[in-house]
Structure formats: structure tokens, C-alpha cells
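Let's walk through this one together, starting with how its parts meet and then going inside each of them. Have the viewer open and follow along.

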Amino acid sequence: MVTHNLGYPRVGSKRELKWASEQFWAGKISKDELLWAGRQVRRQNWQTQQEAGIQWIPSNDFSYYDQVLDTALMVGAVPERYQSLIDGKSNRELEIYFAMARGIQQNGLDIRAMEMTKWFDTNYHFIVPEFLKNQQFKRYSDKVIHDFEDAKQMGILTKPVLLGPVSFLLLGKEKEAGFHRIDLLERLLPVYADVLRELATRGTTWVQIDEPCLTLDLSENEQIAFQQAYEYLARAVPQLSLLVATYFESIQPNLALTLQLPVAALHVDLVRGNEQLEVILADTSFVTSQRILSLGVVDGRNVWKNDFTQSLTFIQRAVDVLGKDRVWIAPSCSLLHVPYDLDLEKNEAVLTPEIKNWMAFAKQKLGEVVTLGRLSKGEAQGLLLENQVALESRRTSLLIHKTAVKTRVQAVQTDDFERDSAFAVRQQIQGESLPLPLFPTTTIGSFPQTDEVRQWRAKYKKGEVTKADYETFVEAEIERSIRWQEEVGLDVLVHGEFERNDMVEYFGEQLTGYVFTQNGWVQSYGSRCVKPPIIYGDVERPEAMTVRWTTFAQSKTEKYMKGMLTGPVTILQWSFVRDDQPRKDTAFQIALAIRDEVQELEQAGIRIIQIDEPAIREGLPLRRADWAAYLTWAVDAFRLSASGVADQTQIHTHMCYSEFNDIMEAIARMDADVITIETSRSQMELLEAFSDFQYPNEIGPGVYDIHSPRVPSVEEMAHLLEKALRTIPARNLWVNPDCGLKTRRWAETDQALRNMVAAARQLQQTI
Ligand code: GLN
Ligand code: ZN
């Protein structure tokens, strides 16, 4: 049985490409050195895949920044503002490429970067292609050809990967009115055909064309576009075998269309949508065709060992219907979304052998694909047994399964999701028990994290400073920030989050059921990587997590000190999660842990508690039809965490994204007493969403964009507040920046917050 891979992580197992890119951008290494580093990573990846025994290894899955940007460059979709960088004589492709990704400010040039957005429901961000009405395409970058040739030199005939023409258009954006980007297809296809033809003349036989948009809800025009595109390409390059790859969801909304595309092979994701297998196998026209079905059985989105027994059932079913020559085995999607190599995790104190034995990272997943191929031929039965033993140990391990936690989740009652009184009553009560001025000022939680703060935390982690010394340092930082907040004149203070490196990791480290890796990096965008914590077991809070710091901070001021927690959905969303129970169950376990923390803060005298949920929107399923179910449990999880307190205690939440219209109902149902939100992109749009919905609770629409070092003036912020007052009742309006300040510097933070407080005071005068 043929095995293949859709894509491999590409920053290097030691993040070699990250370091090289950053040095190149800083002017510390030459272009040749960067290209060399990239080539090493690429070659290492090919070698790893070859050694693992993968038959069709991808090329052009490597990227110096992003594969969508690569595609834009391949077809010459370079926006006008970068054209001045093209000079006829020298090859400036890489400079243009990075300018598109990151903007450029040098030698009197100041050209802004292209927009970036999330790749489907992953935490990977791609560069959004820009299109004009009279957009022209022409072959520009030959990276795909070079990569193919590079591997060929190593003796590997690869399967080049291209982002498909329809998904490429759909993922982009129209930069002017009067057309839909899908209308550009006709102009785009000849460029794809040209590239494919050249690949064919150089010896390519299989090409993988990624069309993840085939799993989304498509309009009729978009469906027609898919048909046209593949009819065109089939005619243009009959000598090539095309494999269309879909992933992240099933193809069911576009089943007939997808099954009829005139291509040699179709890849489907059986991890996210295993029910599609039977549907496909029941389609007579597909079954009676010669088409190959590639089964994505190994999870490319998570870190757990594959269940061989289950995968073999899928493979067997497909072989029974299609015959073994028409079934390929693969990961569900590119392995870009998982860390490189579990073998790099050598610290057994951090990742115990028992837990490690349940996991597989990219390299191990290659092994799984190959093993599945062998098992389905009746070979290597010992590996099946080994796999079953590992999975059985996971199913029953006491490290994972905690009866008390499961029972508690089951025992949750309707009441547990409800505050004692409705918001209107709470507002009344809080208005009396928590005297605050009109337009209270506050911040979102974190303050600038100086090098000194980071160094202390790192040293403490490594055991280089004592706990006592570390805590004295953090206390001093907190106290200093309190004196400063008082001087600036803020009404509700925060402790500053100096003890936290990350808003999820900090909590994960204190909860059971979590493990951390040392090298489990996953690309987030460009050279930026994240190391998501891993939830492997039932989550419990052995002891208080934040009470010590919050009460210390409260003891240093007469003003209200806001407790600061991360909400259950965000903790879930930014971790690798269990695949042995629904996400909802894990979210509820975390919610109960946060609920306990909230209650303990309340008992310790903290009157205002913020539960951050910046990631609620990110968790939205890819298809609309699935939104309601997700939002129901996500909002329930938040409510469960927030509803254990008395009416007097004020619950805040914070969110950072700019589109609210389509989830206003869910936001309102969270029923936080106060919500603070990011508005940096469009304050007006946000306010409209809240006023159209007649959002009843208190709200702090950010008046200061923390993503930029720019210090807004008093007038500017006062003006925004006046605007807000047109739609928000005065007693409901809070004044705050639009997100945490940890990435800013003190100098600009100080000035900006003084201006913000002045703007709030100015507004109080006018009322
Ligand atoms: N409380 C967090 C902070 O201030 C919130 C961060 C976020 O919204 N992403 O950093
Ligand atoms: Zn935020």
C-alpha cells in the first residue's frame, strides 16, 4: 500500500530556520547564509521522511515564511506597493517576499506588510493574498521547481505540493470593490498550468494540490470554480497525476462536486470526519472510477499515538471496496501543526516515560503511517500489539482518570451556570457595594515585561535563585506598579502579571492533567513558534493558583485590585487537548478549577475578578452549522467558571478580536458584569455590533491600541469615548486599553495611561 506525507514542519527541529531568518532580518547574516540554512532544514526533512520509509515525500511544503505567500509569489500576485522593490538586474525575490510578509522600513522606504490571518481553525497564520479587479497573474517565483530539483539531486523524486488555485483565491481578499476574487480564476489557471507543465518536463509524476476550502460551506459560484479549475488543469497537464488534498473537516457539504473532480487521487481527513469514508465508498461513480483514495488516518493536529486497530478498520474497509492499489495512507493533514520529534524530549521529570508512551510527534507520525502500511499487508504484527498495549495503558491510567473530577463534572447542575441574580439586579448591588466613579478606568492585566522580569523568572525556573528571593522580587515589582497606578490615577488596579510568562502556561503548570515539552515548538507565523502545553488527563486544581499574588497586591492598596484569571475556553484552545473525550468535557473540568479559584479569591476579599477569554471566537468550527453547538458549551464553560460568586462580586471578562456581529448572542449570554474588548481595528464597527444587539451589561471598548508603540493623545481618546457614549449608556461605560500591555515599554505605557485617565476625567466633567 502506498504511503505518503502531506507536509512536514519546517522551522527545523532546533528552530534553525527561525534563528537564521531573524539574523538575516537583523542584517547579521547574508542572504546566502539564510538560503543555506533553509536548504539544510529541507534536506534534513526529506532525509527523515525517506528513512522513515514514506513513499511519496512532499517538496515545496517548505517555506521561508508562509506557503500562501509562496503561492502569491509563484503566480506574481505582488501588490503594487512592493513593485518599486523589483529591479530588473538583480534577483530580489527574497527581499520582496519578506517585505510582503513583514513590511519594510529602510533607506527612506516605508511599505506596510500584508495582512495575516488564521489558517482555518489552527493557530498557524498565513499572509492574506490581495487582489484587484484587473489583477494579472504571471509566473514569478520558481521555488516549487527549485525544491523539486533540490530533492531530485538527493535522489528523491518528490511529490510537489501547491496550494490549489481555488483555495488560493478564496483565502485572499478583494482590495477594491466591483468584483469577486473567484472571478479571477480564469486568469490564474494558465499560470498554474504553466508551472505544472514545467514540473512534468522535469520528471514530476504526482503533484499534491491542497484545496482545504473544499471542506467549507461554498456558494454555487465557488463550487463551479472548483469544477472549472480541475477540468482545465486535467486538460492542460494530462501527463501529471494530481492528488487533491482536503483536510480539517469532511468533504460532505461538497460531496458530489469533490468526488467528481477529474483528478487521479483524493485525500480526505478521517480524523476530523471519519463518517465521510462510508459515504465516499457508497458513491458508485467514485467507486467505479479509477481514482485513488488517500486516507488521512494519522492525526496531523494533535500529539497522540494513532489507534492502529481503528485505522486498520478504515483501511480494510477502503481496500475491500476499492482494492489495495487504490488506497493510500497518510496523516490527516500537513504535519506542520505538530512538534518535530518526541525523541527530543529527554527530561523524564518533565515528561514521564508513561505519558510519553502515549504520544507521537511529526517524526513518530511518519513511522505510524509506514507501520500502518505494513500492518495492512499482514506484516509487523508485533507493532500492532505494542500499540494496543500503549493505548490500553492510556485508557486506564490513574494518571489520566480521576474519578473525583469526572463525578464532579457529571454532578454539575443548572444552578451552577447561573449567578444569583440577573445583571440588572447585580449592577444595582455592585453600584452600592463597589463605589466607583462614572467611566471607571482600568487596564487589562499585564504590564510591560522588562528583560529584568524575564530574567528573574527564567532564573527561578532553572533553580538559580531561591523561591524567597524570587518572590521578593515579584512583590517589589507588584508594589512598584501599584504605586505607579495610584499616581496615574487608575480606578481599578491590577497586579501586573509579572510572575506569568504566558497566560495559559501559567495556569497549566499549576493544574493536574497537564504536561509541558522542552522542544515541542509549532510554527505560529513566520519565525514565531509556540510551545502549546498538553492536556493529557483529568484537570484538577490541587491548590490556589493566583490568590497569593492577588491578595498581596490588594494588601498594598486601598483601591480595588482586580483578580486575573484565564478562562476555560482559552486554556483549552491554546493547548494540545485530549482526543479521548469531547472538548466540552475538558472545558468543563477546567471551568470547575477556575471556578474554585474565583471563589477562593472572593473569600480572600477580592471584589473584582477578571476571567480572560480572548480565544472564544477562535474555537468556532469551520462550518456554520456547527457554531451553535460549540458556542453553547463554550459559553456554558465560561458561566460555570464565573457563577460561583455572590452578586456583590464583579466579574469581568476580556476578549480580543474585532468581529463580534455574528456571535453577539453568545457574548451576551456570557453575562459578565463587565466586558473589555479590543477595538483597535474599528471602534465604530464594534460599537455598532453592541448597540444593535442592545447589549445590556457594562463594557470597556478599548480606547488605546496596545499593538503599536504609538501614544494616543487625550483628545483622541476623549473623542473615542464620546463616540462610544452615543451607543453605550454612561453608567455602563468603562475606560481601558484594548489588551494587555506586556509587549509595550514602560515609557509609552506611562504616557498613554496618563492620557487615558485624563480623557476619562474630561468626559466626567462634561456629564
Ligand atoms: N490579562 C491578559 C494580559 O493582560 C490578557 C491577554 C490577552 O487578552 N491576550 O496580558
Ligand atoms: Zn486581549
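In this predicted model, 37 residues of domain 1 are in contact with 23 residues of domain 2. Which elements give two or more residues to the side of domain 1 that touches domain 2? They are helix H1, residues 16-25, and strand S5, residues 116-118. H1 gives the most, with 3 residues. Sorted by class, that side of domain 1 holds 20 nonpolar, 7 polar and 10 charged residues. For orientation, domain 1 spans 2-394 and domain 2 spans 429-766, and their C-alpha centres sit 35 Å apart.

Before going further, a quick look at the scores. The chain has an average pLDDT of 96, and 99% of the residues score at least 70. The model comes with an ipTM of 0.99 and a pTM of 0.94.

Now pick out the open sheet built from 8 strands. Walk across and you pass S1, S14, S13, S12, S11, S10, S8 and S2 in that order, with parallel pairing. What stands at the edges? Strand S1 (2-3) and strand S2 (58-59) do, and each has a single partner strand, so one side of each is left without a neighbour in the sheet. Further in, strand S12 (residues 265-269) and strand S13 (residues 292-298) run parallel and are joined by 5 bridges. To see one pair across these strands, find Leu266, which stands opposite Leu293 in S13. Helix H12, residues 308-322, packs on this sheet, where it touches S13 and strand S14 (327-331). The direction of H12 makes about 175 degrees with that of S13.

Which residue in S22 is the bridge partner of Asp612? That would be His654.

For an antiparallel pair, turn to strand S17 (residues 522-525) and strand S18 (residues 528-530), which are joined by 3 bridges. One bridge pair to look for is Gln523 with Cys529 in S18. S17 and S18 form a hairpin with 2 residues between them.

Last stop, the ligand. How many residues surround ligand 1? There are 13, and the closest are Ile444, Gly445, Ser446, Pro614 and Gly740. By class, this shell splits into 6 nonpolar, 4 polar and 3 charged residues.

Conventions:
Residues numbered from 1 in each chain as written. Chains lettered and ligands numbered in written order. Predicted model: local features only at pLDDT ≥ 70, side-chain atom pairs only at ≥ 80, totals over all residues. Near = placed C-beta within 6 Å. Nonpolar A, V, L, I, M, F, W, Y, C, P; charged D, E, K, R; others polar. Domains from an automatic or database assignment. Contact = placed C-beta atoms within 7 Å. Helix = DSSP H or I, 4+ residues; strand = E, 2+ residues; numbered from the N terminus. pLDDT = per-residue confidence, 0-100. Pairing = 2+ DSSP bridges. Axes fitted to C-alpha atoms, helices over the stretch in contact; angles between N-to-C directions.
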